[in-house]
Amino acid sequence: MLVFTRKRNQTIMIGDGVEVRVLRVGRDGVRLGVTAPPAVPVHRREVYELIREENRRAAAACVRPSGTPGRATAAGELARRRTS
Amino acid sequence: MTPGEASAVDDAVDRVVHTRFGTFAVDPGAVVRFPAGLPGFEACRQFVVLSSPELAPFSCLHAVVGPAASFLVVDPRLALADYRCALGAADLARLDASEATVLLWLAIVSMGDDGQACVNLRAPIVVNPERMLGYQLMPHNSLYPVRHPLAAA
C-alpha cells in the first residue's frame, strides 16, 4: 500500500482522471473530496458491500411464485412501444 | 433499437433462458447491457427483463451471459407510491440518457429474515430503454432502506 502524508487542500492523483483532496481534518475523521470521470463510480466501501450482500441474498431467494409463466416480454418491447 | 445496435449484442447470449419462473425465449434485441454488472455479480453484463401475466406486477431480471443470476424485480413506486430518486449528471451519462429520457425503474425483491418480501429502495436498477443500458444506482445520501417491506400489492 502506498502511504502519503497530506495536509488540508492537498491532493493525490490516481491515474489521470481521479483526484482525491483532503478537505478537512477532524479529531474523528477526515473529509475527502473525490473528483472522477463519469465512468468511474465512487462509493463508500460499506455502502457498496451492503448492496452487494443484498443482491446476493435477493438472487438466492428469487423464489417461484404460484402459476405458470407466460410469454416473455422485455424492455426491448417497452422501448419500441415508447418510440413508435 | 436499430439493427446496427442489435448486432453489438454478444453472440454468446442465451437464446432461451430457464428461470425459476419458467422457460423464456430471448429476443436478442431485448438484451440490456450493464457495463458495470451488478454489485456481487460484476461478471454479469447482459440481462433480460422477463415479464409474464402470471408474474405481474413483478418481472424477472435474468443474466443471459456469464454466471447465472436471477432477480425478482418490481417498480419501486408500487412499493412506495411517492418514491423519488434523483439522477445526477454522472448517472445520466452512464445510461446515455438525458433529463427527458423515460427510464425503466426496477427495485430488487428479497426475503427479509422474517420471511416478509422486501424491496431494495436504497439501490434501484435503472434502465434506459432507448439505449438498452442499465445500471444499479447507489445514491450517496439516500434515506431509503435496502429492505422496505412489500405490502400486499
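In which loop of chain B does P57(B) lie? The residue sits in the loop between strand 4 and strand 5 of chain B, where strands (E, at least two residues) and helices (H or I, at least four residues) are DSSP runs numbered from the N terminus. The bond that joins A56(B) to P57(B) is a cis peptide bond, with omega at about 5°.

The model described here is predicted: local features need pLDDT of at least 70 and side-chain atom pairs count only at pLDDT 80 or more, while totals for chains, interfaces and linings use all residues. Residues are numbered from 1 along each chain as its sequence is written, and chains are lettered from A and ligands numbered from 1 in the order in which they are written.

We can begin with chain A. Two helices and three strands make up its elements, and from the N terminus on they run β-β-β-α-α. The three strands form an open sheet in the order 1-2-3, with antiparallel pairing; two strands count as paired if DSSP finds at least two bridges between them. At the edges stand strand 1 (11-14) and strand 3 (30-35) of chain A, each with a single partner strand, so one side of each is left without a neighbour in the sheet. From one strand to the next, the twist averages 25°, an angle taken between N-to-C directions on a scale from 0 to 180 degrees, with axes fitted as lines to C-alpha atoms (for helices, over the stretch in contact).

The two pairings in this sheet can be followed residue by residue. Strand 1 of chain A and strand 2 of chain A are antiparallel and share four bridges, and I14(A) stands opposite V18(A) in strand 2 of chain A. These two strands form a hairpin with three residues between them, and in its turn G15(A) has a positive phi of about 60°. Strand 2 (residues 18-25) of chain A is also joined to strand 3 of chain A, by six bridges in the antiparallel sense. Here R24(A) has R31(A) in strand 3 of chain A as its bridge partner, and the hairpin made by strand 2 and strand 3 of chain A has four residues between the strands.

How confident is the prediction for chain A, as a mean pLDDT? The mean is 79, and 73% of the residues of chain A reach 70 or more; pLDDT is the predictor's confidence in each residue, from 0 to 100. Within the chain, confidence is highest in strand 2 of chain A, at 97, and lowest in helix 2 (residues 75-83) of chain A, at a mean of 44. Over residues 63-84 of chain A the pLDDT is below 50, and this stretch has 50 contacts in the model beyond near neighbours in sequence. Where pLDDT is low, the predicted coordinates should not be read in detail.

Chain B has three helices and 11 strands, which follow the pattern α-β-β-β-β-β-β-α-α-β-β-β-β-β along the sequence. Of its 153 residues, 42% count as buried, and of the 84 residues of chain A, 14% do. A residue is buried if 20 or more other C-beta atoms lie within 10 Å of its own, exposed if 12 or fewer, and partly exposed in between, with C-beta atoms placed from the backbone.

Among contacts in chain B between residues at least 6 apart in sequence, 50% join residues at least 24 apart. In chain A, residues 24 or more positions apart account for 0% of the contacts with a separation of 6 or more.

Which residues have the most contacts inside the largest nonpolar core? They are V48(B), V73(B) and V109(B), in a core of 48 residues. A nonpolar core is a set of buried Ala, Val, Leu, Ile, Met, Phe, Trp, Tyr and Cys residues joined through C-beta atoms within 7 Å. Among the elements that give two or more residues to this core are helix 1 (45-60) of chain A and strand 6 (70-74) of chain B. Not counting residues up to four places away in sequence, V73(B) touches several residues, including F58(B), L61(B) and I125(B).

Two backbone details complete the description. N9(A), in the segment before strand 1 of chain A, has a positive phi of about 75° although it is not a glycine. D96(B) is found in the loop between helix 3 (89-94) and strand 7 of chain B, and its phi is near 50°.

Definitions and conventions. Contact = placed C-beta atoms within 7 Å.
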